[in-house]
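Me: I'd like a close look at one part of this model, please. Take your time and tie the pieces together as you go.

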Amino acid sequence: MKKHAVWLAMAFSLAPFGASAQVPLLWCNGCSQQQEGRAAAQELDKENTDPTAPARDMIYVGNNGAIHKYAVFVGSRIGESSCGDDGMPRWTAVPMAVEPRVQAAFNDLMAFYNTAPVGWTKTFTVKIMAPARAMPTDEGMASPRARAEERKHR
């Protein structure tokens, strides 16, 4: 199970708790629902600075191009009865419906990632032209091949 924690500051689209909240989005490629829930619980437990207090939050998990939302509860880390056999506090992750605005933002995020060159980093080249050579808007939008074809037909 491969997962990476990503904090999205897309407050306007992913903030269910307020306009300035940062919402955790985990990546879990090829995970089952159980594995997604456990990854969400581990992330929440990692962020909980008070080991005596339980923690609860909403966490999104991206998995193979889909997004899932979980209401996560992690119990206290103090006391024998609070931990499972693996030493992690007992946890619950309940699947929730993903809001349409969050789904749309995630789809845009995936479209950006999959646009060539594939990845989170893109490079754009801007060409500054001399003022003597004005470029009509339609010429600027056409590909070099399309402009060459258009010149042939003039």
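What is the relative accessibility of W120, and as what does this residue count?

Reply: Happy to take you through this part. Please keep in mind that the model is predicted: local features need a pLDDT of at least 70, side-chain atom pairs count only at pLDDT 80 or more, and totals for chains, interfaces and linings use all residues. Numbering runs from 1 along each chain as its sequence is written, and side-chain values use heavy atoms, with hydrogens and water left out.

Now to your residue. W120 has a relative accessibility of 43%, so it counts as partly exposed (the class between buried, under 20% relative accessible area, and exposed, over 50%, with a 1.4 Å probe and protein chains only). Its ring pairs with that of W27: the centres are 6.1 Å apart and the planes stand at 50°, so this pair is tilted. Rings of Phe, Tyr and Trp (its six-membered ring) pair if their centres lie within 6.5 Å; planes under 30 degrees apart are called stacked, over 60 edge-to-face, and the rest tilted. W27 sits in strand β2 and W120 in the loop between α3 and α4, so the pair links distant parts of the chain, 93 residues apart. Helices (H or I, at least four residues) and strands (E, at least two) are DSSP runs, numbered from the N terminus. W27 has a relative accessible area of 12% and is therefore buried.

The whole structure holds three aromatic pairs, and ring pairs join W27, F106, Y113 and W120 into a cluster.

A116 and P117 are joined by a cis peptide bond, with omega about -10°; P117 lies in the loop between α3 (100-114) and α4 (137-141). Most peptide bonds are trans. Elsewhere, K122 lies over the face of F112, 4.8 Å from the ring centre (a charge sits over a ring if NZ of Lys or CZ of Arg is within 6 Å of the centre and within 35 degrees of the ring normal).

With a relative accessible area of 52%, G30 is exposed. Leaving out residues up to four places away in sequence, G30 touches Q35, N63 and N64 (contact means heavy atoms within 4.5 Å). N64 belongs to the loop between β3 (55-63) and β4 (66-74), and its phi is near 50°, a positive value in a residue other than glycine. At 58% relative accessibility, N64 is exposed too.
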